Amino acid sequence: MAFRTILVPIRGDGRGESVLDHACALGRHFNAHIRAIHCRPRPQDLMPFGVAVPTLVKDQIAASAKDIADDEVERLKGLFDAYVEKRGIKVCDTRPPTHDTLTISWSVRDGRQADVIGVEGRLASVVAVAQPDHDSNLGQNTLEAALLNTGRPVLLCPKREVGSLGDSVAIAWNGSAESSRAIAACGSIIAAAKSVTVLSAEDAENLALTADDLIVHLKDHEIDATAKSVTSKESTLGESLLKAARDSGADVIIMGAYGRSRGRAMVMGSVTQWIIDNTDMPVLFVH
C-alpha cells in the first residue's frame with residue numbers, strides 16, 4: 001500500500017523541524033498525511049522510581065509538572081503553527097484525509113513518548129523519528145519502540161537538511177527475512193523511485209537468495225534495479241553500505257533492522273546499530 005500516513009513525534013529537543021522536513025519530503029510522493037504528535041508526560045512519569053515520596057511532595061510535583069507540561073504544549077504548538085505557515089502545508093484534522101495534497105495535523109497524547117509511539121505507530125504507514133543522540137542516548141527508546149513494537153517502517157532522520165527523499169533508493173539486501181519484509185513494507189516507495197540500487201555483500205553468491213534474485217523479483221513488479229557489491233566484513237559492513245549508497249546517488253537506504261536478537265546485538269554490536277549511530281542520510285528500517 002502507498003505511504004498514506006506518517007507519524008512524527010514532536011518534543012522540545014530542537015529536532016522536530018528536521019524530522020518534519022524528512023516526513024514531508026517522503027510524503028509528497030503520495031500526498032500523504034503527516035500526524036505530528038506531542039507526548040505530554042504524566043505526573044507519575046516524573047516521580048522518582050523506587051523511592052517513597054510523601055503525599056504532600058507528590059502533590060507538589062504533580063502540580064508543578066502539569067504547569068510545565070502545559071507551557072511546553074503551548075510553546076511547541078506555536079512552533080508547529082509557524083512551521084506549517086512558513087512552508088504552506090495544508091492543515092487537515094479530519095480522518096481520513098482526502099490525500100489530494102500533502103496535509104498535516106497536530107495532536108497531544110498523555111504518556112511517555114516511547115510508549116505512545118509504540119502503540120500509535122501501528123496504524124501509520126511510516127513512523128519518522130530523529131536520529132538518537134549517541135552521547136546523551138536521547139531518542140533511542142523512541143526509535144526502538146517504533147522499530148520493535150509497531151511492525152511498521154521507521155524513517156530515521158539525521159540532523160541535516162533534506163532535499164529529495166525517495167527519488168533514488170538503495171536497498172541493503174542479505175536475503176534475510178528482515179530484508180524481505182523491508183522490500184514488502186516499502187514497496188510503494190521502491191516502485192515510485194526513479195533509480196533503485198541493490199547493495200549486497202561480496203560473497204552474495206553464497207546466499208540462498210542473491211541480489212540477482214531480488215532484481216528478478218523487482219522486475220516482475222516492473223521495477224528496474226541494478227546491483228552493487230559491498231565488503232562482507234561485519235566490522236566494516238555498515239560503513240561500506242553507507243558509502244555504496246552515497247556513491248549510487250541514493251537519497252534513502254531501505255534495510256531490515258536487527259536481524260539477530262536485540263539482546264545479542266546490544267552485547268556484540270550490529271550493522272543496524274552502526275547505521276543508527278553514524279548515518280548521515282535517511283534510512284527506512286523494517287524489523
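Pro-96 is located in the loop that runs between β3 (90–91) and β4. In this predicted model, the peptide bond joining Arg-95 and Pro-96 is cis, with an omega of about -5°. The loop between β3 and β4 also contains His-99, a residue other than glycine whose phi is positive, at about 60°. With a relative accessibility of 17%, below the 20% cut-off, His-99 counts as buried. A positive phi, of about 50°, is likewise found at Asn-31, which is not a glycine. Asn-31 belongs to the loop between α1 (16–27) and β2, and its relative accessible area of 27% makes this residue partly exposed. Most peptide bonds are trans, and most residues other than glycine have a negative phi.

Two aromatic pairs are present in the structure. In one of them, the ring centres of Phe-80 and Trp-106 are 5.3 Å apart and the ring planes meet at 40°, so the pair is classed as tilted. Because Phe-80 is part of helix α2 and Trp-106 of strand β4 (residues 103–110), the pair ties together parts separated by 26 residues in sequence. Phe-80 and Trp-106 are both buried.

Burial was also examined in helix α3. The buried residues of α3 include Gln-113, Ala-114, Val-116, Ile-117 and Gly-118. Among the elements that cover the buried residues of this helix are β1 (5–10), β2, β4, β5 (126–130) and α4.

The second largest pocket has a volume of about 410 Å³. Its lining comprises 20 residues, and those nearest the pocket centre are Arg-11, Cys-39, Pro-41, Arg-112 and Gln-113. Two or more lining residues are given by each of β2 (33–40), α2 (55–87), α3 (113–120) and α4 (140–149). The greatest contribution comes from α2, with four residues. By residue class, the lining of the second largest pocket consists of eight nonpolar, eight polar and four charged residues.

The mean pLDDT of the chain is 88, and 86% of the residues score at least 70. Strand β6 (residues 154–157) has the highest confidence, at 98, whereas helix α9 (residues 262–268) has the lowest, with a mean of 41. Over residues 263–269 the pLDDT stays under 50, and for this stretch the model has six contacts beyond four places in sequence.

Terms used: Residues numbered from 1 in each chain as written. Predicted model: local features only at pLDDT ≥ 70, side-chain atom pairs only at ≥ 80, totals over all residues. Heavy atoms only, no water. 1 Å grid on protein atoms, 1.4 Å probe; cavity = no way out; pocket = protein on both sides within 12 Å on 5 of 7 lines; lining within 4 Å. Points joined across faces, edges and corners; volume = space filled by probe spheres on them. Nonpolar A, V, L, I, M, F, W, Y, C, P; charged D, E, K, R; others polar. Phe/Tyr/Trp six-rings, centres within 6.5 Å; stacked < 30°, edge-to-face > 60°. Buried < 20%, exposed > 50% of the residue type's maximum accessible area, 1.4 Å probe, protein only. Contact = heavy atoms within 4.5 Å. pLDDT = per-residue confidence, 0-100.
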